[in-house]
Structures are given as C-alpha cells and as structure tokens.
Amino acid sequence: SSEACRQCLSVNVLGLSRGGIAALQLAKKLESASTALRDRLRLALLLFDPVPGNLVFTARHLDFLAAVGMPGVLTTASGVLDLSASPVSSVLAVYPHEPLPDIAFHAPLLPAYPPAAEVVEDATLGCHQGALYPVGLTRGSPVAAACRLSAHRLVEALRERGTRLRPAGGERAAED
C-alpha cells in the first residue's frame, strides 16, 4: 500500500572491491537491528567484484571459530559468507570475467543471501582493477567498452532502485 511505502526506508549501497565487502558487513551488522527497523528497511546491495583481501579458502575451510558460530573472528571473508538472516531485499553483484592471480588475494566472494532476496550475480567484461575507470582515461583503450558497460549496469541499477544521480559531463538532467 502507499501508506506502507511512505514508512519504508530504502537504502542503496554501492561497493567496489573491498567497498563491496564493507556493504556486506553493513548487511551483516543489520541482522541485529530491531524488528521495527527491519520491517521498514529495503536494503539493496550493488556490488562490483567484492573481494575480502584474504584467501577465501582460509575462510571456508580453516577458520575454526566460524565453524562454532563465531564468524568473522579470524578473517574478513568468514564474517560475510552467510547473510541469510540479514535484511537484504535485493542484490546485484557483478564480477569481471578476467581474474587476477590467486596470490593477489582477489578471489571474489559469493555469499549466501536471504531466501526472499532478489539476487542477480553476473559476470561482465573487464578486470578488477580497470573495470570502472572513467571513460576519459580509457578512450581508445581495449578496456573502454568494458568500463562503459560496467558503469552503465551499476548506474541503471541505482536508478531502478530510486537513487537520483547527477548527469555526467555536459548532459542535461531529465525533467521529473
């Protein structure tokens, strides 16, 4: 109903790389929010290649504290692998198709989300470190198309979720 919508609190969180992990940590922290807040909250995560900066293998198989219900104590990754009890309502997670070497500690994280959440996990052109470079820096570069595609995907997702963005460069804003 429109009355229910007026009471909703929509929060769109955009995170790139370790910023994506920070978005996942926010979702995890909100698991302990009051029922009143959780009922009003519409938490949308827009993640671009969320990487924890530690080995995912360590988090999944060697973090013995996570196995006894104390996740996140030893590794960043183990703290956000299970978000099934979080108030996340939607997720767009975009992963570039060109992986970095394992030694770079950039293995992407694929958490478990709440069953009712609308989740889209997708691969795109490009690589982690260059996928969202500004168009001016990539003009004529082989990564230019990948950068534009990634930026377009995230901007459209933000707009679909109600985020108002200023136009880039000399574009004029559309009338509301």
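Which residue forms a salt bridge with Glu-156? The legends below give the answer, view by view. This is a predicted model, in which local features need pLDDT of at least 70, side-chain atom pairs count only at pLDDT 80 or more, and totals for chains, interfaces and linings use all residues. Residues are numbered from 1 along each chain as its sequence is written, and side-chain values use heavy atoms, with hydrogens and water left out.

View 1. Glu-156 forms a salt bridge with Arg-159. The closest N and O atoms are 3.5 Å apart. A salt bridge here is a side-chain nitrogen of Lys or Arg within 4 Å of a carboxyl oxygen of Asp or Glu. The two residues are three apart in helix H7, so about one helical turn separates them. Glu-156 is partly exposed, at 30% relative accessible area. Arg-159 is partly exposed too, at 43%. (Buried means under 20% relative accessible area, exposed over 50%, partly exposed in between, with a 1.4 Å probe and protein chains only.)

View 2. Arg-153 and Asp-122 meet through their side chains, 2.8 Å from N to O. Helices (H or I, at least four residues) and strands (E, at least two) are DSSP runs, numbered from the N terminus. Arg-153 is partly exposed at 28%, and Asp-122 is partly exposed at 30%.

**View 3. The salt bridge of Lys-28 and Glu-31.** The closest N and O atoms of this pair are 3.5 Å apart. Lys-28 has 23% relative accessibility and counts as partly exposed. Glu-31 is partly exposed as well, at 24%. A search of the whole structure finds four salt bridges.

**View 4. The largest nonpolar core.** This core has 22 residues. Leu-24, Leu-43, Leu-45 and Leu-47 touch the most other members. H2, E2 and strand E3 (88-98) each give two or more residues to this core. Another core lies apart from it, with seven residues, among them Leu-46, Phe-48, Leu-154 and Leu-158. (A nonpolar core is a set of buried Ala, Val, Leu, Ile, Met, Phe, Trp, Tyr and Cys residues joined through side-chain atoms within 4.5 Å.)

**View 5. The surroundings of Leu-43.** Neighbours within four places in sequence are left aside here. Beyond them, Leu-43 is in contact (heavy atoms within 4.5 Å) with residues including Val-11, Val-13, Ala-27 and Leu-30. Pro-87, Val-88, Ser-89 and Ser-90 are also among its contacts.

**View 6. Two loop residues with positive phi.** Most residues other than glycine have a negative phi. Ser-17 has a positive phi of about 60°, although it is not a glycine. Ser-17 lies in the loop between strand E1 (9-16) and helix H2 (18-29). Ser-17 is buried, with a relative accessible area of 12%. Asp-49 has a positive phi of about 50° and is not a glycine either. Its place is in the loop between strand E2 (41-48) and helix H4 (56-62). Asp-49 is buried, at 6%.
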